[in-house]
Amino acid sequence: MAVDKTPVLKRCRSLELDPMYLGYSKKSRRTLTRRSRKMSEYGTQLREKQKAKFIYGVLEKPFRNYYEKADRMKGMTGENLMCMLECRLDNVVFRMGFARTRREARQVVDHKHILVNGKCVNLPSYEVKAGDVIEVKEKSKSMQRFKDISEVTAARVTPEWVDVDKENLKGTVSTLPKRDQIDVPVDEMAIVELYSK
């Protein structure tokens, strides 16, 4: 399985992205010295796509598949794409506060600590639907790892489209997210323009 192993802070710096969106509280002290040349329209569109891929931890081929599926759905392609990325199981686990970072959320799912509607799911790309109940396995709840995670994520604000019981490490997806409920700094229209060329 292919995984993006780019150093997080270095990549955030090059994309001019706040590491907070990936769950990291630290910031790089280095500043990026950039040439003052104006970025082309294609460069801007490519950067938006790279941002979305990096935030959600999706590689090029699966990202293209998400775009094609979003294009076939009813409604705005860009909004459909963002909604589908937000509904990935690893992202929902991160949003519910069962992991400190998005990468850790992916690992938690990979290592079979998560149940969806009572069944073990170890696919980070699993698409969560409205009404799904997501919880940490009973056996895993007593692990020190999840106690540490609960302490770190206790103050984190959960989005309004999920209901979370942080004490029991259990949550429900009440509705599918709308674009205005997704606080990711990505211009999805630029991605649509890039792919529709």
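**Sheet, turns and helices**

Modeller: Leu 115 has Glu 135 in strand 3 as its bridge partner. This is a predicted model, so local features need pLDDT of at least 70, side-chain atom pairs count only at pLDDT 80 or more, and totals for chains, interfaces and linings use all residues. Residues are numbered from 1 along each chain as its sequence is written, and side-chain values use heavy atoms, with hydrogens and water left out.

Biologist: How do you define helices and strands?

Modeller: They are DSSP runs, numbered from the N terminus: helices are H or I with at least four residues, strands are E with at least two.

Biologist: What is the strand order in the sheet?

Modeller: The order is 2-1-3-5-4. It is an open sheet of 5 strands with antiparallel pairing. Two strands pair if DSSP finds at least two bridges between them.

Biologist: Which strands are at the edges?

Modeller: Strand 2 and strand 4. Each pairs on one side only.

Biologist: How many bridges join strand 1 to strand 3?

Modeller: 3, and the two strands run antiparallel. Strand 3 (residues 133-136) is also joined to strand 5 by 3 bridges, again antiparallel.

Biologist: And how many join strand 4 to strand 5?

Modeller: 4 bridges, antiparallel, with strand 4 covering residues 162-165.

Biologist: What stands opposite Gly 171 of strand 5?

Modeller: Ile 134 stands opposite Gly 171. Val 164 stands opposite Gly 171 too.

Biologist: Which side chains of strand 5 are buried?

Modeller: Gly 171 and Val 173, which point to one face. Buried means under 20% relative accessible area, exposed over 50%, partly exposed in between, with a 1.4 Å probe and protein chains only.

Biologist: Now the turn. How many residues sit between strand 4 and strand 5?

Modeller: 4, and the two strands form a hairpin. Leu 169 in the turn has a positive phi of about 50°.

Biologist: Is Leu 169 buried or exposed?

Modeller: Buried, with a relative accessible area of 6%.

Biologist: Where does Asn 117 lie?

Modeller: In the loop between strand 1 and strand 2 (119-120). Asn 117 has a positive phi of about 55°, although it is not a glycine. At 45% relative accessibility, Asn 117 counts as partly exposed.

Biologist: On to helix 3. What span should it have?

Modeller: Its 13 residues, 60-72, should span 18 Å at 1.5 Å a residue. The end C-alpha atoms are 19 Å apart, which agrees. The expected span is 1.5 Å times one less than the number of residues.

Biologist: Which residues of helix 3 are buried?

Modeller: Phe 63, Tyr 66, Tyr 67 and Ala 70. Seen down the axis of helix 3, they fall within an arc of 100°, so they line one face. The arc is that of the directions from the helix axis to the C-beta atoms.

Biologist: What does the face turned away carry?

Modeller: The exposed residues Lys 61 and Arg 72.

Biologist: And what covers the buried residues of helix 3?

Modeller: The cover includes helix 2, helix 4 (77-86) and helix 9 (188-195).

Biologist: At what angle do helix 3 and helix 9 cross?

Modeller: Roughly 95°, with their axes coming within 12 Å. Axes are lines fitted to C-alpha atoms, for helices over the stretch in contact, and angles run from 0 to 180 degrees between N-to-C directions. Helix 3 and helix 9 are therefore roughly perpendicular (65 to 115 degrees) to each other. Glu 60, Phe 63, Arg 64 and Tyr 67 of helix 3 make the contact with Ile 191, Val 192 and Tyr 195 of helix 9. Contact means heavy atoms within 4.5 Å.

Biologist: Last one: is Glu 86 buried or exposed?

Modeller: Buried, with a relative accessible area of 0%. Glu 86 lies in helix 4. Not counting residues up to four places away in sequence, Glu 86 touches several residues, including Tyr 56, Arg 95 and Trp 161.

Terms used: Parallel < 35°, antiparallel > 145°, perpendicular 65-115°, else oblique.
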